[in-house]
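Here is a short tour of a protein model, from its charged pairs to its open space. Please have a look at the structure before reading on.

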Amino acid sequence: MRDLLLSGVIGVLLPWALVRPAVGAYLWAWLSIMNPHQLTYGFARGIPWAQAAALVTMLGLLASKDRKPFPINGGTVILLLLIAWMTLTSTMAIAPSSLVWDRWVFAIKIFVMLFVTFMLLRGRRQIDILVWVLVVSVGFFAVKGGLWTILTGGSSRVWGPPGGMLQGNNELAVAIVTLLPLAYYLGQTTTHVWARRAIWVGMGFSMFGVLGTQSRGALLALVAMATMLGLKGRYPMRTVLVLMVGVTCVIAFMPDSWTQRMETIRDYREDTSAMSRIHTWATLWNVAVDRPFTGAGFRADHALVFERYAPAASAEALQGAVFVAHSIYFQALGEHGFPGFALYMTLGLWAWFAASRLARITASDPEFSSWVPLLMRMCQASLAGFAVGGAFLSLMLLDLPYYIVGVVILVHATVRESRATSAANVSVAKTTPPVSAEPRI
């Protein structure tokens, strides 16, 4: 039944995307983030739906008369430079080339479809639909996990959807934390009462879902995001108070086993998982020091890298095990050297300051003041949550934060193009001579 339902929905959306390629951009975002076909058990599970969506969307883009110009700004320039640098480091990678270029193709798919999205979407309505797609794609698992946490009393761990980058408990938790500010934006701006109520209820369940993953990094990310959301919200004092009370109540609901796991944050030296992270970070730092420009390239989690650069003492204690980066920062540094790390960090900083500037310059603009300032502040809160949660996970190639940067880029392009059009209209009006009235006979 699930296979037929999913196939029917996608079967309708694919031809629609060929005529209206913006639909294809939404379809790709939904498929790549939610992986709904992994929730089926039959024929639909093995069909490459995402590749089909990408192909149809690009064909629609080429044939569309509504194609928008590719936005040139700091964000897109940094993204292009980051892609170029990833390509360069891939040519000099330590891991076997087949593994490296497979990861490169995975990364390129994310960026190419993000660029396609930049040429298809403009304006509040289309940007809001994209935000809805992002929120619902992760929110489904957040609400589901929250309900499971409540029904089990928090004793059973929540896991993400199978087959994607969010299948782990830690990864799902960080994704939920990252999307909560955008859900808040939708709750504040939607005009439909039922949708607003559903969002508030969903956000409540989502907090249970985050804690139900028993992710220690996500707890820190939740606190950071909630603080930023309160400060950046439409009603700062009230929002901070509600969030503090809500998080406290959810934590009080969790069992003693959850509390004991969270307390291991302080006693990290006695935790094997935490020590493996420190071992991996030291290894990737050694890589960056020895190969400061190129790093190890993609797939730094390979035995060849650890045999050469792992600290001897911790490698012996961990019996020569190989681990993934467990940090977006050390992942960028170890795989792409100091230039790659600088580009990755600069992208986040550009998005933060661009969002701040957009919120400021549109605050008194009647065309944008009702949605841009709040959306940009919520993008900042999302980036803050991901920056903290991502410090403990290998999520440099997770498409979700790139979509948040993409939302900032789309708003930037919308505001700039709207003002350019207004300025052009004013210029034409000033240079057009008045038409004199003909005398009536």
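## Salt bridges and their surroundings

At 29% relative accessibility, R124 counts as partly exposed, where buried means under 20% relative accessible area, exposed over 50%, and partly exposed in between (1.4 Å probe, protein chains only). Before we go on, a word on the basis: this is a predicted model, in which local features need pLDDT of at least 70 and side-chain atom pairs count only at pLDDT 80 or more, while totals for chains, interfaces and linings use all residues. Residues are numbered from 1 along each chain as its sequence is written, and side-chain values use heavy atoms, with hydrogens and water left out.

R124 has a charged partner in D128, a residue that is buried at a relative accessible area of 13%. Both belong to helix α6 and sit 4 residues apart, about one turn of the helix. Helices here are DSSP runs (H or I, at least four residues), as are strands (E, at least two), numbered from the N terminus.

How many salt bridges does the structure hold? There are 4, a salt bridge being a side-chain nitrogen of Lys or Arg within 4 Å of a carboxyl oxygen of Asp or Glu. The table lists three of them.

| Pair | Closest N and O atoms |
|---|---|
| E417 and R122 | 3.0 Å |
| D128 and R124 | 3.4 Å |

The salt bridge between E417 and R122 links distant parts of the chain: E417 is in helix α17 (residues 399–431), and R122 is in the loop between α5 (97–118) and α6 (123–151), 295 residues away. E417 is partly exposed at 27% relative accessibility, whereas R122 is buried at 10%.

R419 is partly exposed with a relative accessible area of 36%, while D365 is buried at 15%.

Now to the whole chain. The protein has 17 helices and 0 strands, and 53% of its 441 residues count as buried. Of the contacts (heavy atoms within 4.5 Å) between residues at least 6 apart in sequence, 80% join residues at least 24 apart.

Leaving aside residues up to four places away in sequence, F115 touches F70, L79, L80 and I83. F70 lies 45 residues from F115 in sequence, with 7.7 Å between their C-alpha atoms.

Where is there open space? The largest pocket holds about 1,100 Å³. A pocket is an open set of points on a 1 Å grid over the protein atoms alone, where a 1.4 Å probe fits, with protein on both sides within 12 Å along at least five of seven lines; lining residues have an atom within 4 Å of a point. Its volume is the space filled by probe spheres set on the points.

This pocket is lined by 48 residues, and F106, G163, G164, M165 and L397 are the closest to its centre. Which helix gives the largest share of the lining? Helix α5 does, with 6 residues. By class, the lining has 24 nonpolar, 15 polar and 9 charged residues.

Terms used. Nonpolar A, V, L, I, M, F, W, Y, C, P; charged D, E, K, R; others polar.
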